[in-house]
Amino acid sequence: QVHVVESGGGLVQPGGSLRLSCAASGGTFTIDWAGWYRQAPGKQRELVAIINNAQMATYADSVAGRFTISRDNAKKVVFLQMNSLKHEDTAVYLCNAHLVSDVAETQAYDRWGQGTQVTVSS
């Protein structure tokens, strides 16, 4: 019922840009923190970026300077702006969000989205 959905993936040429969205819905809650992960074929899932409730962000070394994570608290959406994309950025990108109920603060949710495919190719 409470869930998150990613969107914005697609096919892009090297050097191009994409903006991914992670939208949370299904209840009365706020996003405490959220992270973007990615998993490429034959590789382990890795953390790309995280953002906390103070809007402080942390990035993996491989994407620092190229990717930006942000959030819109009112719309309950977390974004990942990806610039200067490389072939090695090709992966399924997944959103993980920690949600806290607005009516019962002790009730929290951890949710994963279904993932969105990003393919960087010439």
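In which strand does Arg71 lie? In this predicted model, Arg71 belongs to strand 7, which covers residues 67-72. Arg71 is buried but takes part in no salt bridge. A salt bridge requires a side-chain nitrogen of Lys or Arg within 4 Å of a carboxyl oxygen of Asp or Glu, whereas Asp32, the nearest side chain of opposite charge, is 6.1 Å from Arg71.

The side chain of Arg71 does reach backbone oxygens. The backbone oxygen of Ile31 is 2.2 Å from the side chain of Arg71, and a polar atom of that side chain lies 2.7 Å from the backbone oxygen of Asn52. When neighbours within four places in sequence are set aside, the residues in contact with Arg71 include Ile31, Asp32, Trp33, Ile51, Asn52 and Val78.

One aromatic pair is present in the structure. The pair consists of Tyr37 and Trp112 and is tilted, with 5.0 Å from centre to centre and 55° between the planes. Tyr37 is part of strand 4 (residues 29-39) and Trp112 is part of strand 10 (residues 108-112), so the pair ties together parts that are 75 residues apart in sequence. Tyr37 has a relative accessible area of 19% and is therefore buried. Trp112, at 39% relative accessibility, counts as partly exposed.

Charged groups also sit over aromatic rings. The ring of Trp112 has the charged end of Arg45 over it, 4.9 Å from the ring centre. In a second case, the charged end of Lys76 sits over the ring of Phe29, at 4.3 Å from the centre of that ring.

Definitions and conventions. Residues numbered from 1 in each chain as written. Predicted model: local features only at pLDDT ≥ 70, side-chain atom pairs only at ≥ 80, totals over all residues. Heavy atoms only, no water. Phe/Tyr/Trp six-rings, centres within 6.5 Å; stacked < 30°, edge-to-face > 60°. Helix = DSSP H or I, 4+ residues; strand = E, 2+ residues; numbered from the N terminus. Buried < 20%, exposed > 50% of the residue type's maximum accessible area, 1.4 Å probe, protein only. Lys NZ or Arg CZ within 6 Å of the ring centre and 35° of its normal. Lys, Arg positive; Asp, Glu negative; His and termini not counted. Polar contact = N/O pair within 3.5 Å; in protein donor to acceptor, adjacent residues only side chain to side chain. Contact = heavy atoms within 4.5 Å.
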